[in-house]
Amino acid sequence: MLLRHTPVEIKERKSLTVNPAKTCQPIGAMYAALGIHGCLPHSHGSQGCCAYHRSTLTRHYKEPIMAATSSFTEGSSVFGGQSNLLQAINNIFTIYNPDIIAVHTTCLSETIGDDVNQICRKAKDDGKVPEGKYVIHTNTPGYVGSHITGFSNMVKSMVKHFSESTGEKKNQINVISGWTEPSDMREIKKLAKNIGVNIVLFPDTSDVLDAPQRGKHSFYPRGGVTIPQLKSTGDSKFTLALGGVASEAPAKELEKKCKVRYKVVDMPLGLSATDRFVTACSRAAGVNVPDSITEERGRLVDIITDMQQYFYNKKVALFGDPDHLIALTEFLVDLDMKPVHIVSGTSGKAFEKRIRKILENKVPEANVKNGASADMFLLHQWIKNEPVDLLIGNTYGKYIARDEDIPFIRMGFPILDRIGHSYFPTVGYAGAMRILEKILQALMDRQDRDSLEESFELVM
Ligand code: SF4
């Protein structure tokens, strides 16, 4: 009973968050930056922020996360961090030789008002940025938004710094990946290849954070979108932005800068959202969907049909990031399950509206909330008032699952106590099959555990 003090009675709270269902912006900027080949993320602030963000990413991906910090002292906190950042840029290029440094700010540097744009310009003017190397930057105050906002800001910054239009269109479409796992990015590229569409996926952390053991440490793994690819996004025919919260802002920026039209589609997670992604890809490229993808979809539909009785009417509570939750809620409704409690720590008016639209005919009475006061404490209270058959979310959900004895599936960020998310996708039809397997495993294990001896079934 680790959360034994969580009361059943729900009281209106203002200006108080208990166990937030999110983390802060810089970690998202750091993750996005790792999706550029040869990039060293740089945290402009104190060492503690950088250490926290690196360690959380390291624990989630089980890979060493490289990132530098401006290492603020009391002096820089009072007089500003310009000299620290200038020195850092010089040191990083001299010692670690990345192709690009991606600077993001933190609470401290934002509060004292450091102008990173001006500092990065000065670094270039002072000759601290070698020829052919780049420094990009974005503002990510930790006290505004969430890790998803930070991710989005860094991707927008990639567009601002690199995308250029030569006037000659290339036969390719951009896919802005949103915050997904390396395994998901790999799957999106595989799907696009099978459809026959040439894409530039950015950012792309596959082969960076799921790099194979090659017997030798590589500071900059082989993966990641390259700078020439990023530059070419301005010449693409079209942009697909996966998930509005994380990807619309960079897509909009690209349209403004290089006149590349865009469409926001949901994260291709589950049956309907993957259908829409596949259709959007094939339309944008003007090709037909190949049989191999139709067959894969058919296998997914077959599992849903075969196992329908296990999904029907099961109540689910879920928490996590908005773009994932929108697609996941729709998938659960497609399975005839009942998502009754949904929480996301990331703010934004569109989220609740969209979720309510998905649920309007199936679960109109569902509890849905997002933003700062939509926390794990509230989710736990909702569950105490209306118990569920399944809980889906990141590792922090294990406390609620244990206290309330609920089957629990780990999905989202961070997952600190299991592996698999980096290697097995949850997007696309193959990913949807994996989600189904996880749901069935959790529900059927529970049925086995709770069956009386006389009704304990060998064949289920
Ligand atoms: S919330 Fe602010 S101070 Fe805390 S880790 Fe994030 S950036 Fe650093």
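## Helix α10

In α10, the buried residues are Gly244, Val245, Ala246, Ser247, Glu248, Pro250, Ala251 and Leu254. Buried here means that 20 or more other C-beta atoms, placed from the backbone, lie within 10 Å of a residue's own. The model is predicted: local features need pLDDT of at least 70, side-chain atom pairs count only at pLDDT 80 or more, and totals for chains, interfaces and linings use all residues. Residue numbers start from 1 along each chain as its sequence is written.

Helix α10 covers residues 244-258. Helices are DSSP runs of H or I with at least four residues, strands are runs of E with at least two, and both are numbered from the N terminus. The 15 residues of α10 reach 20 Å from first C-alpha to last, close to the expected 21 Å. That expected span is 1.5 Å times one less than the number of residues. Cover for the buried residues of α10 includes α7 (147-162), β5 (173-176), β7 (238-242), β8 (262-265), α14 (322-334) and α15 (349-359). Just after α10, Lys259 has a positive phi of about 60°.

## Strands β5 and β6

Strand β6 (residues 199-202) is covered on both faces. Ile199 and Leu201 are buried on one side, Val200 and Phe202 on the other. β5 and β6 pair in the parallel sense over four bridges; pairing requires at least two DSSP bridges between two strands. Leu201 in β6 is the bridge partner of Val175.

## The four-stranded sheet

Another topic is the open sheet with the order β2-β1-β3-β4 and parallel pairing. Its edge strands are β2 (68-69) and β4 (134-138), each pairing on one side only. Strand β3 (residues 100-105) runs parallel to β4, joined by five bridges. Ile100 stands opposite Tyr134 in β4.

## Domains

The protein chain is divided into domain 1 (25-144), domain 2 (173-285) and domain 3 (295-453). These bounds come from an automatic or database domain assignment. The centres of domain 1 and domain 2, taken over C-alpha atoms, are 24 Å apart. Their contact takes 17 residues from domain 1 and 14 residues from domain 2. Contact means C-beta atoms, placed from the backbone, within 7 Å.

Helix α1 (residues 25-33) gives the largest share of the domain 1 side, three residues. By class, that side has eleven nonpolar, four polar and two charged residues. Ala, Val, Leu, Ile, Met, Phe, Trp, Tyr, Cys and Pro count as nonpolar, Asp, Glu, Lys and Arg as charged, and the others, Gly among them, as polar.

## Ligand shell

Cys24, Pro26, Cys49, Tyr52, Thr106, Cys107 and Gly142 surround the ligand. Each has its C-beta atom, placed from the backbone, within 6 Å of the ligand. The shell has five nonpolar, two polar and no charged residues.

Methods
Contact = placed C-beta atoms within 7 Å. Buried ≥ 20, exposed ≤ 12 C-beta atoms within 10 Å, placed from the backbone.
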